[in-house]
Amino acid sequence: MADTPAVSVQHLTKVFKGTLVKGAFRAVHDLSLEVKAGEVYGLIGPNGSGKSTTMKAILGLLKPTEGHTSIFGVPSTEVSSRHSVGFLPENPYFYKHLTGRETLRFYGSLCGMSGTRLKDRAEEMLVLTGLEDAATRRVGGYSKGMLQRLGLAQALIHDPRLLVLDEPTAGVDPAGSRKIRDLIIGFRERGITVLVTSHLLEQMQEVCDRVGIMAHGRMVREGRLEDLIAVENQTEMVLENATPELLAKISDLVAKEGGGSKILHSGHPRTTLERLFLEATNESKKP
Amino acid sequence: MSEPTTSSAANGAAKVRFSPRRVWTLALATMTQLIRMKILAFLVVFCLLAAGAGFAFSVINPEQQLNLLKSVTLGALQIFSIVIGVVSTALLLPKDMEDRTLYTILSKPVPRFDYLLGKLLGVLMLIGGGLIVMDAVLSLILWMRQSMLFEDAVAHMRLEKMDSPEAVAQVREIVARQGLTWNLHWAVWAIFLKATVVTTVALLLSSIASSTLFTIVITFCVTIIGHGESLIREFFFQPYLSSTMGRAASFILAAIVPDLAQFDIVDSVVSGEIVPWGVVYDMTGIAALYVTVYLFVTHLLFVEKEL
């Protein structure tokens with residue numbers, strides 16, 4: 001069982017039936033992918049590329065037109081496959097009349113949990129996602145970031161081995177987004193497999209072990225992140241406190257070496273806007 | 001299509017079976033949702049107003065007064081239990097889909113049948129709870145009213161010097177027959193059964209419809225047609241009166257639309273007739289049959305639904 005992939009998608013094709021006005025629509029075409037147990041796999045692609053359809057097929061919410069999907073070896077069409085999976089949909093909404101705590105207990109109860117085990121697990125998830133102070137507030141009053149974190153908490157309530165996250169940081173501010181990113185990294189450290197889609201490529205780069213790039217319902221690239229983004233014939237060197245003289249010496253050395261070697265770019269590396277935002281907003285909190 | 005992956009049993013994953021506890025969780029959440037939407041309060045306030053209206057009209061004798069009170073209140077209960085059943089059911093399922101709450105529920109080990117049954121049970125618990133409260137309130141009002149009317153009638157007869165033991169016994173018998181009897185509870189039970197059948201029809205329609213309005217309109221059409229089902233059947237069994245097309249349409253309607261007239265005992269109860277146990281058993285059995293068939297069809301449709 002150790003070699004059983006967490007997610008297996010084989011030759012998945014999904015065609016949505018047309019109407020009298022609109023013809024049939026092929027959302028996914030002959031897609032195959034495997035997510036190994038314990039890794040963070042990023043599925044990226046433009047809107048309409050078939051990511052959400054693929055996720056729904058993996059979760060058994062949609063029936064494949066052709067091909068099949070499984071979770072830890074159990075076909076997604078079987079309800080029992082969902083014992084091992086937690087799902088956070090894009091922009092989730094929960095029953096507004098329930099409080100955060102009631103919501104988690106509701107989902108835990110659906111998974112067959114009860115009594116002290118359910119109560120303790122709900123509290124644990126509230127603490128993990130930083131919602132303990134909002135536990136008694138009705139979900140209708142939650143911000144978008146809080147809803148996303150509650151979504152993560154409900155996805156984790158039954159201690160699944162696989163997490164499927166559809167745009168987990170959509171509409172969340174950078175601080176909330178960073179918090180979710182840190183949670184995903186924490187899941188990997190705890191051995192939870194994560195399948196995630198996002199448009200925030202920089203964040204995906206930070207958390208994913210492997211990525212698959214989808215376009216027009218097909219997988220166009222797939223592999224380990226380092227392999228995909230490395231530029232084979234270029235080398236990056238970052239120096240700290242380098243004097244102008246040292247930089248001149250390096251330039252001279254490269255020029256003397258010849259053989260096609262040349263410096264393409266030299267200058268101060270830039271921080272990201274996200275890091276700048278987080279530093280600036282954290283500084284403003286300091287007294 | 002080949003299926004190279006192993007089944008859950010072969011893989012050690014426990015099969016997910018029907019779970020009354022899971023259904024109860026879903027039903028409780030649905031009922032809480034509706035209660036916090038103040039739907040039950042609306043039902044209670046309306047029916048109390050209707051009960052008040054039962055006192056408002058001028059009438060000739062105690063029998064008429066009690067008749068009017070029962071007629072207005074039971075009529076209001078009938079209309080509002082159906083309206084609440086249809087509107088709640090038509091709203092809840094599409095709302096769960098629109099808000100993606102359905103995704104988070106069905107991505108847990110929850111069979112779709114459990115979800116459907118939980119939703120239906122939640123709505124029925126709300127209607128049932130409301131009807132029990134209203135039954136208790138109506139019983140109390142009716143009992144108070146019949147006591148007052150009897151005392152008034154006897155006082156009036158005493159003034160007129162017509163209070164012979166026979167006359168008083170006759171008034172007592174009339175007031176008792178028209179007042180609080182078990183028949184009132186059977187009428188409320190019949191209202192609940194009718195609302196249950198109509199709510200199940202609404203659930204069936206909302207599992208295939210793409211809009212709430214469509215579900216509401218079609219369910220009300222089915223409800224109206226369902227009250228005239230016997231007329232349709234009569235039409236169907238008189239071949240010399242209709243064309244083949246007409247007969248076919250009548251047959252289809254008679255086959256798919258519930259015969260709601262089976263639950264119409266309110267008029268008998270209002271007029272003080274005794275409802276036999278056999279009628280209660282029949283009504284309950286017919287309702288159970290309709291609910292089972294409609295729920296089965298709903299499951300067949302919903303299990304294939306692409307979310």
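Tutor: Chain A is built from 9 helices and 10 strands, in what is a predicted model. Along the principal axes, the C-alpha atoms of chain A occupy a box of roughly 70 × 55 × 45 Å. Chain A has 287 residues, of which 41% count as buried. Among the contacts in chain A with a separation of 6 or more, 66% are made by residues 24 or more positions apart.

The part in question is the contact between the two chains. Here 32 residues of chain A are in contact with 31 residues of chain B. On the side of chain A that touches chain B, two or more residues come from each of helix H1 (51-59), strand S4 (66-71), strand S5 (74-75), strand S6 (85-88) and helix H2 (100-110) of chain A. Of these, H2(A) gives the most, with 4 residues. Classed by type, this side of chain A comprises 17 nonpolar, 10 polar and 5 charged residues.

Turning to chain B, one may begin with helix H1 (residues 20-36). The buried residues of H1(B) are Arg22(B), Val23(B), Thr25(B), Leu26(B), Ala27(B), Ala29(B), Thr30(B), Met31(B), Gln33(B) and Leu34(B). In an α-helix there are 3.6 residues a turn, so residues three or four places apart point the same way. Just after H1(B), Lys38(B) adopts a positive phi of about 65°.

Helix H5 (residues 112-159) and helix H6 (residues 165-178) of chain B pack at an angle of about 160°, and their axes are 10 Å apart. Angles over 145 degrees count as roughly antiparallel, and H5(B) and H6(B) are therefore roughly antiparallel to each other. The crossing in which H5(B) passes H6(B) is right-handed. From H5(B), the residues Gln146(B), Leu149(B), Phe150(B), Ala153(B), Val154(B) and Met157(B) meet Ala167(B), Val168(B), Val171(B), Arg172(B) and Val175(B) of H6(B). By class, the residues of this contact of H5(B) with H6(B) divide into 9 nonpolar, 1 polar and 1 charged.

Note on methods:
Residues numbered from 1 in each chain as written. Chains lettered and ligands numbered in written order. Predicted model: local features only at pLDDT ≥ 70, side-chain atom pairs only at ≥ 80, totals over all residues. Expected span 1.5 Å × (residues − 1). Buried ≥ 20, exposed ≤ 12 C-beta atoms within 10 Å, placed from the backbone. Axes fitted to C-alpha atoms, helices over the stretch in contact; angles between N-to-C directions. Parallel < 35°, antiparallel > 145°, perpendicular 65-115°, else oblique. Left-handed = near helix turned anticlockwise from the far one by under 90°. Contact = placed C-beta atoms within 7 Å. Nonpolar A, V, L, I, M, F, W, Y, C, P; charged D, E, K, R; others polar.
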